[in-house]
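User: Hi! I'm new to this one, could you walk me through it?
Analyst: Happy to, let's have a look together.
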Amino acid sequence: MAHVLIVDADLVERERMVKLLSHAGYHCHVLSRGHDALRLVDAGKIDAVFTELMLIDLNGLQVVEWIRDRHPKIPTVLITGRGNEDIAAEALQKGACSYIPKRRMEQDLLRTVENILGLKTADRRIQHLAHCWIGGETVFELDNTVEVIPPLVAHLQDQLQLLRFGDDSTLMRIGVALTEALENAVYHGNLELSSELRRGDGTAWVREHQRRRGLVPYRDRKVLVTARLSRELCDVTIRDQGPGFDPKKLPDPTDNANLESVSGRGVYLIRMLMDEITYNDCGNQIRLVKRWPPVETPK
């Protein structure tokens, strides 16, 4: 059973998260003070941390940065409230691997924890070959079964670690970005599911997802993944066979006018976690690039 730490000064929000996670089988630790959270993480009993921005003694950004420096293998997620979504960008820069708006807790919490813990526990193998391999290209053709996404992402992380590309935090963040992009390719690309279906309890989303997986033309579409990996570069192209979209029309999740929007968060995460993303002209292909060592941004 995975141990998840929730750090939030708001009793109601803590109870809401505990209810969602405990029903899914996670063991929850609940604290309201940042310093107490850091001591518990130091004790070595925590697999993932979800922290609010405003705590009694510290702020969530300090917690994120501290865990990144001392325990880079432990993923952290920032919980954002109304009016501070722009802080998510700073949290991602400081080492968080994702963020969840409070208004999206019921829809995004379980999906996020499942993704980050799946990436965290990826099997690390054949390390003795690290000094021999300098890079290469691999190509995958996926159907619309999202269950194949975690093992594919774990495989690419294994390859990057074998190449000695990045640190644990970097590999985790790449994994989150790739997962978001691959899920977008399946759900929104090949199956053409609207984000609006996620509103409410998500029943409409699940029902339509299952229906389209068995319908022509959706069921026959594939996702093509091309990964070019080396000791200095992670370059992954993901192409679906849907009609594409215009990424410029996605709402900015940090704009207060879009607080209730259910779309745009995934692409925003990808942009913040990778060094570069580009789309083809019709919008059914995304290229994600990460470099190592990191390129410093000119001041």
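User: Let's start with Y279. Is Y279 buried or partly exposed?
Analyst: This is a predicted model, and in it Y279 has 22% relative accessibility, so Y279 counts as partly exposed.
User: And which aromatic residue does Y279 pair with?
Analyst: Y279 pairs with F245 in an edge-to-face arrangement, 5.6 Å centre to centre with 90 degrees between the planes. F245 lies in the loop between β8 and α9, while Y279 belongs to strand β9, so the pair ties together parts that are 34 residues apart in sequence.
User: What about F245, how accessible is F245?
Analyst: F245 has a relative accessible area of 34%, so F245 is partly exposed.
User: How many aromatic pairs are there?
Analyst: The count comes to four aromatic pairs. One of them is Y187 with W205: the ring centres are 5.1 Å apart and the planes sit at 65 degrees, so this pair is edge-to-face too. Y187 is in helix α7 and W205 is in helix α8, 18 residues apart.
User: Are those two buried or exposed?
Analyst: Y187 is buried at 11% relative accessible area, and W205 is buried at 6%.
User: Switching to helices: how do α4 and α9 cross?
Analyst: Their axes come within 9 Å and cross at roughly 40 degrees, which makes α4 oblique to α9. The crossing is right-handed.
User: Which residues meet there?
Analyst: From α4, A88, A89, L92 and Q93 meet Y268, L269, M272 and L273 of α9. By class, that contact has seven nonpolar residues, one polar and no charged ones.

Key:
Residues are numbered from 1 along each chain as its sequence is written. This is a predicted model: local features need pLDDT of at least 70, side-chain atom pairs count only at pLDDT 80 or more; totals for chains, interfaces and linings use all residues. Side-chain values use heavy atoms; hydrogens and water are left out. Axes are lines fitted to C-alpha atoms, for helices over the stretch in contact, and angles run from 0 to 180 degrees between N-to-C directions. Helices (H or I, at least four residues) and strands (E, at least two) are DSSP runs, numbered from the N terminus. Angles under 35 degrees count as roughly parallel, over 145 as roughly antiparallel, 65 to 115 as roughly perpendicular and the rest as oblique. A crossing is left-handed if the near helix is turned anticlockwise from the far one by less than a right angle, and right-handed if clockwise. Contact means heavy atoms within 4.5 Å. Ala, Val, Leu, Ile, Met, Phe, Trp, Tyr, Cys and Pro count as nonpolar, Asp, Glu, Lys and Arg as charged, and the others, Gly among them, as polar. Rings of Phe, Tyr and Trp (its six-membered ring) pair if their centres lie within 6.5 Å; planes under 30 degrees apart count as stacked, over 60 as edge-to-face and the rest as tilted. Buried means under 20% relative accessible area, exposed over 50%, partly exposed in between (1.4 Å probe, protein chains only).
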